[in-house]
Each structure stands twice: as structure tokens, then as C-alpha cells.
Amino acid sequence: MTALDPDSDPVFLARKGYYRKPAVAALATPPKQPMALIAAEHTAQLNAPQNEDTFSKAEENELLFQDVELVWEPRGRRATAIDVLSSTTTMEVGIDLGALSGVALRNMPPARANYQQRAGRRGNAIATVVAFGSADSHDEHYFSEPDGMIRGAVVDPKLTLDNKDIVRRHILAFLLQNYHQARLPNIEETKRHDLFSVLGTVSEFCSGAGILNRDNFAAWLTENEEVLRDRVDSWIPNELSPEDRDDLLINMREDCLGAIDNAIGFVPKGEQGSNGENESIKDESEGIPEIGDERQKLNISTLLDRLLYCGKLPRYAFPTDVAAFHIFDRDRSTPFRPIMRFAPQQGLPIALSQYAPGKQVWIAGKRYTSGAIYSVMKDERFNAWEARRRYLECEKCGFARTEDIEKIAQGDIQNCPACLSQGTFGPARNWMRPPGFAHPEDLDELTSPDEIPETSYATRAKLTMESPLENQGWLPVNDRIRVFSVRQHLLVSNTGPRNEGYSYCTKCGRIEAATAPKSTLSGSHRKPFPARDTEKNCEGGGLTRHLVLGTDFITDIALFSMRVESPIRLTPGDYRTDVALRTLSEALAKAACKLLEIEPGELMAEYRPALTQPGAEGLEAEIFLYDTLPGGAGFASQLPERGAELFQLALALMKTCPEDCDTSCYRCLRSFKNKFEHALLDRHVGAELLEYLVTGDLLPFDDRRLRNAIKLLHDDIERNGDNLVVEDNVSMDVPGAGKFTDPIYISRADGAKFAVIVSGPLEIDYPVDPIVDVAQGNPDILKIIHINELAIRGNLADATNDVLTKVRGPNFSHSLRSGT
Ligand SMILES: [Zn+2]
Ligand SMILES: [Zn+2]
Ligand SMILES: [Zn+2]
């Protein structure tokens, strides 16, 4: 042990000197006043969950930062001016903070527009902007090439006003609103008052039991059709084409009733059975026109909710499908009325990652942990559990869907409906749509980061529908590509750390990762929300294991099906397939946004095997492009008629990277959004596949890449192949076929000869070179060993081992043991 001198020890100075210096200066003669900087948060998480608060915490901090004195502060609470605001992207949305003297960005913003917003929109009003680059490829790129982030014009945001489908949804909203006003001008005291109940329940609406009902609505529409049409005509956008406009106005009534009937499963009188309402609801499961749609309509009982879920109304105007993360205010809450200190919200697909059980959420300098499923309305949590489904996911190809709990028992394992693998689909788990999350009331808030618990992210959006049949409306793009336009639900789930799901107490809502080391949920435990002193414990006994959390949302989808032939094979679950299809998906999404002149990210793409026999064999794959806006924005539905153009553009994108990169880079396919998948993006593989899809020809794989791979493999075999003679570029004569150059030629001590052929990533069934094909038929002269380029790139040691095992033959280890 040695004493260290705090004034000179370099390690101590580097780690603690900064904090020690002001204290030393204050004690010196003459003393120097320490400079205090007060920092506070400015994030959307600091919202005002309770109406009685005048300002949200974020607004308060905003005022204090501008040195505005809060004179209405309760006595005893002193608010000091704030010097530094630590803020999230809330800064982007147009908050004017007056004079900023500096901005420090903790990471690289996604794009130039974000950078300019964050750096300040007031031109030269800011003195300094410092941006940090973290260690990921996005940040690294802009760190070395800051020009792309700092300079240049920004793409103007654009409102799509000529979209017929979106206007149609707005017309329905307008008509329903007017109908509601006409029939129920006053609020009824006895009814539920939450927003989603205003239109009543689906069954009331169907049966005619409610004041608002389907037949009455139809009659009201007929009665007022002329007036309503004039009013609609006066506000729908002028950007609509004259044909679309006429169509929407002339068919207004039928469109509107058709949309409602489809969502509520209403069968007009005369067509329905004798039992009225029940009958019509039962009919719906058989009469849904969409293919393979397994929406959970029957569990959604209020009309407004149902219409939103089915995508009949514009979604963005409603706070639907959002989940809050609740933090109880222990001091102000009572067992009868929980009061929140904070309750930040997110769209459910994002909340499934950000507020996932076990996740740490930082708000106002304190650390909270998600540990409960919670909703202020008690019913909601029970209803969510009652409406649970079973979730099955294929461990090989990743295909997933949910099923009715009546149909599949928990733990069941099935054959995968997508890749047809035996026993890979499952085990079936409970799947629930969480109404909200909470930091358990009994847990203390913390201020320092703990060891970070195992994290889990929501899956990418998955398409669960069957592949449409031949005659269901595919449009050909060319001989190998076809496209299908559809409005469907996409499934997003969080299967927990290590895909083990969550342990969930159905009684009180407490939840934790199934991988958590010591679970207390099966026995008695604390309830996560405020309760009376005598009722603070949950007796347990309601535990379910391996729960999956998820949601689904309807959107516009363009489904492309692509057929390949031998030697190309897109075997589901293969690394090569993932590289090829992930790359192609990203290229198509990027090309589509360019083609439609929309912002990157408004459309995304994902792939899966076609749910057909050729799909399982790797001869047919599907890529679906979808609108990321829940409810759909009408972008994806414009793609089918521009299919050929889209594929050409994607091909150009991959073939002509300005950087001429080896796999992928920021100038071609990488972006902030796909940073988890940068390693899978390989433009040469994507281009090889797409070239084939567009032209029908399989061209030789990128020469530079092949030569590099051959060199790597050759050298590695030479290093590891004791007693083998390894030569390169040996000219071989194949009798009756001709000559070919063997890039890696190996001869064994006993005279046996081998040729190692490095094939392009997608060629697997047979060699593309016909001479090699003939040589393969004469193993007595020469044995051909095929190695895939991606195998060498992905794991050189494995590839070398693979070759050596084949060269040494099955008897090799035996002969070693016997000492010969
Ligand atoms: Zn599968
Ligand atoms: Zn419990
Ligand atoms: Zn590139």
C-alpha cells in the first residue's frame, strides 16, 4: 500500500481532480468563490399528470432557465435559476428558450434536419455547438465527415393532402361526430365519461338498443345527405384529383356505412339469421374479406375503439394505443386515489421496448424501474388479461403469430406455418397487450445507475397473414416478382430477456423478467400500487410464467413476393438469407421513400418466407413495405403500380455507392434507424439477388470480394494444413470440357487432389461454371470442395476447418490415434 499525493498523483487527478479543484481554490488565500452551475432536465417525461399542477416540471424548468422568477411557488420551496438544461429531443419541437450560449449534443442526431433544430434555429444566435460521437457506426461516420451533418439544405416536411384513403377516414370521423351531436347534444350524467365510450358499445350500436345505432345512423345519413355532402365538399383538400373527389362525395354514404359494417360485423336485415345481434357478430368471423386477418375485434367492445383498431378513422387525432409509465406520488396518493408524480407516455409499439419490465427509466435525475403492469382504470388490466392470446414464434425463421387461447394450450409446439420446419413453432406462450406500466410504489427511487439488468427489445413488425393465393389479386412486376396491396395488422411483441418472457402476477400486476434470479411473485408479495395499510400485500397464487407483451396495429402494406430458382436458394433461417433479404428490405425501403419523396422512416420493410411450399424450400420469399404511421398514411399503397421502377431504383442504390464500399456504408444503406443491423447489410449480396430478380440472370459475384475471400482462405489453409501442399491458381484440364483455373489447389500426401471453389453468397445448389460442374462428376481425378464467400467472411476459422475436414477425410482422426 502506498500513500498517494492528491496534488500530483496523475490517476487521482484525472478521475477526481475536476471535483476537488473548486474546494481547494475556495480554501486557498485569497479564497476563490466556487462557480455553481445548476442543471435540470427538460424532457417530455416531465409531463403534468395531474390537472391541479399549474406547470409541468418541464415547463417550470424552462422558465427557470430563462431566469423567470416563479412568484406563485408555494412558500418554503425555493426555485433557483437554472444554468444548464439537459434535454431530450423535446428541444426539436419548437421551444424558444431565448438566448442560448452553447449547445452540447451527447450523440449524433439522426439527420441534418434534427441537427439544425437541436443546434438552434436562430442562425448566429448560438456561440458554440459541440457534438459528441459515440462508438457506433452512425456517430463514427458523422464524426469523421461532419459536413454531411452540419451543412446543406434540409428536406422540407410535406403534408400529403391528395391521399384518397386518408380523406375517406376523415369524412367518416366528420359524419360520426355530426351524428353524435345531432342525437346526443347533451352529456348524459349516467354514462361512462371516458373518450372511448362516447359512441357507446358495438353491441348497442348493432342491435339498436342505443340512441346511437347503425340503422338510425343510416337513416340520418339519407335524410341529411345533401347538406352533409355540401359541408364535406367545403373542407376536403383541393389537392385531391377531380375523380377522387367526385368518387368520395358521390359514394359518401355507402363508403361510410361499409366501413362501419366491416368493423362491427354488421349484417343488414334480411341477410342475417334469426337471432339478431349474436348471429351477426358470429357471422363476422366468417365474412371478413381480408385474408388471414385474426384481429381481435371481438374483445374490443366500444364502438370508437373498434373503429380505430380497424383503421376506419384517422388515428393520429386520438390517444389510442399509448401506454403510460406511472410513478406514484407516495405523499399525495391515498389508497382510493392514486396520484402520479410523473406519467410519461409512448405509443405502445415503442413503450414495449422503453418501459419493458426491468427497464430503468430516468426522470428528473432519479432512476425508476418498470415492475408492474398498471392502469388507473382497474378494469383495464383485468380486461387485458382476459383478452390474452397465445403467442408462437418460429425459432428458425422468426415468423410469429398469435392465436385464440381456446385453440392452443400453453407450451404447445407446432410445425412452423412459414418455413414448415418440424417442431420449431413455439412453445406457445400467453400474450397480452399491456394497458400501461408502473414503478412499484414500494420500490425506492434511486440516483445512481445500478448494474444494468438484461434488456429486451420489441421485435420488428411481423406480418401474420397467410400468403395470398394465386387468384386473390397479385399484380405481376415481372416473371419473378409480384405484388399484393393490402391493409393488415402487424404484430409487435416483446418476448423478454433471452426470449424467456415475463413472470406476471395476474392479481396485482407485478411483473419481472422470467430470467430474474430470485422470484418472489409466486408467494405473498407487496402490491405495486398504493393500498390501505392492511391490504398492502398480495397473497400471490396468480402467477403466470413466460408471458409475452405485445400489440398490433393496422397499416397499409405492399407485399412483394419474389421467386428464385436453383442455384439461388433463400433457405429460411440461413445467415446468407438473412444478409440478402435484410439488405434488400433496407434498399427497397430507402428506394420507396425516395420514389415517393417522403422522409426516410415513413416507410419500412421487413421480410419473411412465403407461406407456401416453395417458400419453405427457399424458392419464394416475401418483403413487405409498410407505413410506419399506425392506421397507414397511404404511402405503401402507391407502390404496387410502380413496382418495376422501385426495384430498379433499389438496384441502382446498391450498385453505385459513392464510397464504393466493401459491404455497406452511410453513403448507401446504413442509417441511424437500422444501426442494430449494420452488420447484416451487404450491398454486393443484395445487388446479386436483385439483379437476378430484375433480369433473370445470375451474374458473377463482385470480383474484388471473391479475390479477397480466396486469398484469406488460401492463406489460412496453408497455415493450418500440416502435410498438405497448397497452391494457388493452378490451371486444370477437365477431359472433354476444357480448362479452368483452380484458385486453391490442395494435394494430400497420398496423392489425392482437391480444388476449393469459392462461390458467390447466393449460389448453393451447383457451381455456376459449367467446367467445374463437369469436374465435379470425376471425383477420381479431383475432388471439388465448395465454400461460400459469406462463410469465409463470417467465420474464417470455421470455413478453413470445413475444408480441412473434407480434405483429410473421415479416417483422419482415426489414423492419428493409431499413430500411422
Ligand atoms: Zn419457421
Ligand atoms: Zn400479486
Ligand atoms: Zn456504401
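This is a predicted model: local features need pLDDT of at least 70, side-chain atom pairs count only at pLDDT 80 or more; totals for chains, interfaces and linings use all residues.
**The whole chain**

Begin with the entire protein chain in a cartoon display. The protein chain contains 24 helices and 28 strands. It has 820 residues, and 47% of them count as buried. Now switch to a surface display. The accessible surface of the protein chain amounts to about 41400 Å², and carbon and sulfur atoms account for 51% of that surface.

**The zinc ion (ligand 1)**

Next, select the zinc ion (ligand 1) together with Cys-394, Cys-397, Cys-416 and Cys-419, whose SG atoms coordinate the ion at 2.3 Å. Why is the arrangement around this ion tetrahedral? The 4 donor atoms subtend angles of 107 to 113 degrees, and therefore the arrangement is tetrahedral; four donors count as such if all angles lie between 85 and 135 degrees. Cys-416 has a relative accessibility of 1% and counts as buried. Cys-419, at 5% relative accessibility, also counts as buried.

**The zinc ion (ligand 2)**

Proceed to the zinc ion (ligand 2) and show the side chains of Cys-505, Cys-508, His-525 and Cys-538. The site is tetrahedral, with angles of 99 to 118 degrees among its 4 donor atoms. In sequence, the donor residues are spaced C-x2-C-x16-H-x12-C. Cys-508 is located in the loop between β18 (502-505) and β19 (511-513), while His-525 belongs to strand β20 (residues 525-526), so this pair ties together parts that are 17 residues apart in sequence. Is Cys-508 buried or exposed? Cys-508 is buried, its relative accessible area being 2%. His-525 likewise counts as buried, at 6% relative accessibility.

Select Arg-545, which is found in strand β22 (residues 543-563). With a relative accessible area of 47%, Arg-545 is partly exposed. Then draw a distance line from the C-alpha of Arg-545 to that of Asn-430. The two residues are 115 places apart in sequence, and their C-alpha atoms are 8.3 Å apart in space.

**The zinc ion (ligand 3)**

Now select the zinc ion (ligand 3). Its protein donors are the SG atoms of Cys-657, Cys-661, Cys-665 and Cys-668, at 2.2 to 2.3 Å. Because the 4 donor atoms subtend angles of 98 to 116 degrees, this arrangement is tetrahedral. The spacing of the donors along the chain is C-x3-C-x3-C-x2-C. Both Cys-657 and Cys-661 are buried.

**A nonpolar patch**

For the last stop, return to the surface display and select Met-35, Leu-37 and Val-84. Together these residues form a nonpolar patch on the surface, with about 330 Å² of accessible area. Val-84 is placed in strand β2 (residues 84-87). At 35% relative accessibility, Val-84 counts as partly exposed.

Terms used:
Residues are numbered from 1 along each chain as its sequence is written. Chains are lettered from A and ligands numbered from 1 in the order in which they are written. Side-chain values use heavy atoms; hydrogens and water are left out. Donors are N, O and S atoms within 2.8 Å of the metal (3.2 Å for Na, K and Ca); water is not among the atoms, so sites may look incomplete. Four donors count as tetrahedral if all angles lie between 85 and 135 degrees; four count as square planar and six as octahedral if opposite donors are over 155 degrees apart and all others between 65 and 115; anything else is irregular. Helices (H or I, at least four residues) and strands (E, at least two) are DSSP runs, numbered from the N terminus. Buried means under 20% relative accessible area, exposed over 50%, partly exposed in between (1.4 Å probe, protein chains only). Patches are made of residues with over 30% relative accessible area and no salt bridge: like charges are joined within 9 Å, nonpolar side chains (Val, Leu, Ile, Met, Phe, Trp, Tyr) within 5 Å. Accessible areas come from the Shrake-Rupley method with a 1.4 Å probe; for residues, only the protein chains shown count as cover. A salt bridge is a side-chain nitrogen of Lys or Arg within 4 Å of a carboxyl oxygen of Asp or Glu.
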